[in-house]
Amino acid sequence: MRWHPATVLYWMAIGLVTTAFMLALLGEETPSTYARDAALRSHEWLGLLALLVFVAALIARWLGKLPFLHPMPEWLSSLRASTKAVLYVLLILQPLSGWLLASHEGKLTSFFGWKLPPLAAPDSTLADYGYLYHGLGGVLILLIAALAFRLNISARIFDIVGRIRSRNNARDS
Ligand code: HEM
């Protein structure tokens, strides 16, 4: 199976988001203030890194063609496309809503030595939206990424069967 750089970067971004999610939960359960702050800083850092990696995935995808997959049922193809589209939007919204939440709570971290500026005033409606959406968005990403992974496995199975069939047809003709 060949992996396109865009696919590798895309799943790396999802892995980083999942780790950021775990750190958020871990931080909330930690009694020590020092450990909680360290978990939050790493959480924010990984979330921003996920955004960068995801943008790199989009650029890699734009620059190179994805490998050909053998035809699969129409329902699978449409479900994969819509799941991916939703996931793309959520992967952009998640770090931005976190940034808004951090602006709301005054908990902005630094990223590669760059101190994050607030994205909105702490008492603005935009910051409130970030605050309301952020926790829910993390859960949505995990659920939809799990579905996307499952659909990918089905697509790969159709691809492998298609390749075997084409090879057999070529040998028989
Ligand atoms: C992209 C992956 C991210 C995921 C999956 C994620 C997920 C979460 C979750 C599940 C929580 C707990 C929410 C709750 O208690 O209702 C949380 C809290 C938080 N997140 Fe994120 N987040 C991400 C990125 C970010 C980024 C990039 C920032 C800031 C730059 C950020 C800032 C925060 C802040 C400030 C909190 C509140 C922590 C506290 O006060 O205890 N997050 N995040």
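Predicted model: local features only at pLDDT ≥ 70, side-chain atom pairs only at ≥ 80, totals over all residues.

Analyst: Residues are numbered from 1 along each chain as its sequence is written.

Along the principal axes, the C-alpha trace spans about 70 × 30 × 30 Å. Four helices and two strands make up the secondary structure, in the order α-α-α-β-β-α from the N terminus. These elements are DSSP runs numbered from the N terminus (helices: H or I, at least four residues; strands: E, at least two).

Of the 173 residues, 23% count as buried. A residue is buried if 20 or more other C-beta atoms lie within 10 Å of its own, exposed if 12 or fewer, and partly exposed in between, with C-beta atoms placed from the backbone.

Now to H1, which covers residues 5–29. Its 25 residues should span 36 Å at 1.5 Å a residue, and the end C-alpha atoms are 36 Å apart, so the two values agree. The expected span is 1.5 Å times one less than the number of residues. The buried residues of H1 are Leu9, Tyr10, Ala13, Ile14, Leu16, Val17, Ala20, Phe21, Leu23 and Ala24. H2, H3 and H4 are among the elements that cover them.

Several of these residues also belong to the largest nonpolar core, which has 22 residues. Such a core is a set of buried Ala, Val, Leu, Ile, Met, Phe, Trp, Tyr and Cys residues joined through C-beta atoms within 7 Å. Those with the most contacts inside this core are Ala13, Leu16, Val17, Ala20, Ala50, Val53 and Phe54. H1, H2, H3 and H4 each supply at least two residues of the core, and the largest share, ten residues, comes from H1.

Apart from neighbours within four places in sequence, alanine 13 is in contact with Ala50, Val53, Phe54, Ala57 and Leu91. Contact here is C-beta atoms, placed from the backbone, within 7 Å. On the H2 side, Ala50, Val53, Phe54 and Ala57 are among the buried residues, and what covers the buried residues of H2 includes H1, H3 and S1.

H1 also takes part in the shell around the ligand. Of the 23 residues there, Ala24, Gly47, Gly98, Gly135 and Gly138 come nearest, where near is a C-beta atom, placed from the backbone, within 6 Å. Helices H1, H2 (33–63), H3 (74–105) and H4 (125–172) each give two or more residues to the shell. H3 provides the largest share, seven residues.

Technical notes:
Contact = placed C-beta atoms within 7 Å.
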